Amino acid sequence: MAQPVIRVRGLRKSYGAVEAVRGLDLTVEAGEVFAFLGPNGAGKTTTVEVLEGYRDRDAGEVEVLGADPARAGRDWRARIGVVLQECRMRPELSVRETLELYAGYYPRPRPVAEVLELVGLAGSADVRAGRLSGGQQRRLDVGLALVGDPELLFLDEPTTGFDPSARRQAWEVIGGLRGLGKTVFLTTHYMDEAQALADRVAIIVRGEIVAQGPPDELGRAEAPTEIRFQLPGGVAPGELPIAVDATANGAVVARTTEPVAALHALTAWALRRGVQLPGLRVGAPSLEDVYLELTSE
Amino acid sequence: MSAAALALHQFRYDQKVFWRNPASVFFTVGFPVMFLVIFNLVFGSGDRISGLGVDVSTYYVPAIISLAVASATFQNIAMTVTIDREAGLLKRARSTPLPGWAFMAGRIGNSIVVSLLMLVLLAALGALAYGVDVPWSRAPAVLATLALGAATFCALGLALTAVIPSDGAAAPITNLAIFPLYFLSGVFIPESEIPDGVLHVANVFPVRNFFESFFIAWDPRTVGAGFDWGDLAIVAAWGIAGVLVALRTFRWTPRGR
């Protein structure tokens, strides 16, 4: 099996008395889109900055593309691409010029025209960066990370502060990177972003990974199935054959690890009573539910 | 790409950014030209400055060139590097294979080229409009003094960025650091009008030493090659101090967030 692109064991980092990252293990394989999901202040940016070589660590083993980022040199930096959480381009340079400037930093850059296509900015190539919308600026930023043709791409909260259509466009660009065979390490605090983009998700809370796996399977094994419906008129929750909780919109929800039996009991009862169960839905918990469960305290 | 080619690559784009930015062109190129014209207008270009023995225009051509060099280097670098730092551009550049020094070389090269251009522009304006002789025989001293001053003020500009907390504070702090020195050092007001005590204080700071050495290289009454070694040594000492402070305190990551 190929060497993992990122391998972290027991990573620790404190700022004064605050432990930002507390013994973190993670592995990212080549070609994977890996999402690092967590609320603000959970240690995402600290971790990604250690992996990018910006920050020292207090303890732990870190290997990125076979090297320790804290000691890696120019050859290693030619193999990674970084999109920071916030970066404003020089407004005086056009999109094309900005890409050409960065292309010149790398030993084997990807042709600028190709990068323009990849990030959907071919039509704005001669627009000054200062005149781009927020979403276009971000795509230029992704383009700069791609222009060196890196093997590994770090994207730190790539869509924070975007309107829905700009997010959608950014997702398309990031989704397109998969086709290039790039490994992508993405941090985000949006569940839907992790679900839409990632092959694998790790959820970090207060400096520790609390769950890890493909987004569809994450937490599924133990998590209960949810049965939702509107309470029929004239029925009190206590009359139902299964235990339910009320939700905000007048519906009730039952959580069960034995959904077949629960559904059977519920529908048999409804037939006997001659009532409908409006809006009946049976579903596995979404990543959002898992996330809220794990991050609530 | 070779190291020198990388620095040249960075320099070409720094030049584009400089010439396309209306504020940098106005303050760095327009301001000194305006000062030279206004001072000659207000004080009468052919009038003698009593106590100095030179006429107004012969005094102000080297004075305003000194100002233009400090502006193209110290002010330009302190402001643009701080703005780039706060925008996240310096941090971003650190994630690429571009060596830090190549980034700096591009920016410093830009400042030195603009300084040389201002030398040509202001010397030509002085010669054509006010008949101030260009000191061709002392060209080596003029160029060497300018190069040393430019290098020193670049280093001091980089050193200053460490105390500038945000992009909004870049212009006020930089101007506050240098504008009083222009007044106290005889760049704006002829030194014969400035009390001795003030000049002694100004002598501690490199604006005064640089102007003094540049004036001597330019002054038609100067005999010899025109190197003012004493003042040049002080300018160089400030430059070395600037480099040492910059090496210790310079940061690539934004401070304002």
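1. In chain A, strand E1 (residues 6-15) is joined to E4(A) by five bridges, and the two run antiparallel. Within this pair, A:Ile6 lies opposite A:Val64 of E4(A). Strands here are DSSP runs (E) of at least two residues and helices are runs (H or I) of at least four, numbered from the N terminus; two strands pair if DSSP finds at least two bridges between them.

2. The model is predicted: local features need pLDDT of at least 70 and side-chain atom pairs count only at pLDDT 80 or more, while totals for chains, interfaces and linings use all residues. Residues are numbered from 1 along each chain as its sequence is written, with chains lettered from A and ligands numbered from 1 in the order in which they are written.

3. The pairing above belongs to an open sheet of three strands, ordered E2-E1-E4 (chain A) and paired in antiparallel fashion. Strand E2 (18-28) and strand E4 (59-64) of chain A each have a single partner strand and stand at the edges, so one side of each is left without a neighbour in the sheet. On average, neighbouring strands of this sheet are turned by 25 degrees against each other, direction ignored.

4. Helix H1 (residues 44-52) of chain A packs on the sheet and touches E1, E2 and E4 of chain A. The direction of this helix makes about 120 degrees with that of E1(A). Axes are lines fitted to C-alpha atoms, for helices over the stretch in contact, and angles run from 0 to 180 degrees between N-to-C directions. Contact between two residues requires C-beta atoms, placed from the backbone, within 7 Å.

5. Chain B contains 10 helices and two strands, in the order α-α-β-β-α-α-α-α-α-α-α-α from the N terminus on. Its radius of gyration is 18 Å, close to the 18 Å that the globule rule gives for 257 residues, so chain B is as compact as a globular protein of that length. The radius is taken over C-alpha atoms, and the rule is 2.2 Å times the number of residues to the power 0.38. The C-alpha trace of chain B spans about 55 × 35 × 35 Å along its principal axes.

6. Between the chains, 17 residues of chain B are in contact with 20 residues of chain A. Helix H1 (3-20) and helix H4 (89-94) of chain B each supply at least two residues of the side of chain B that touches chain A; H1(B) gives the most, with five residues.
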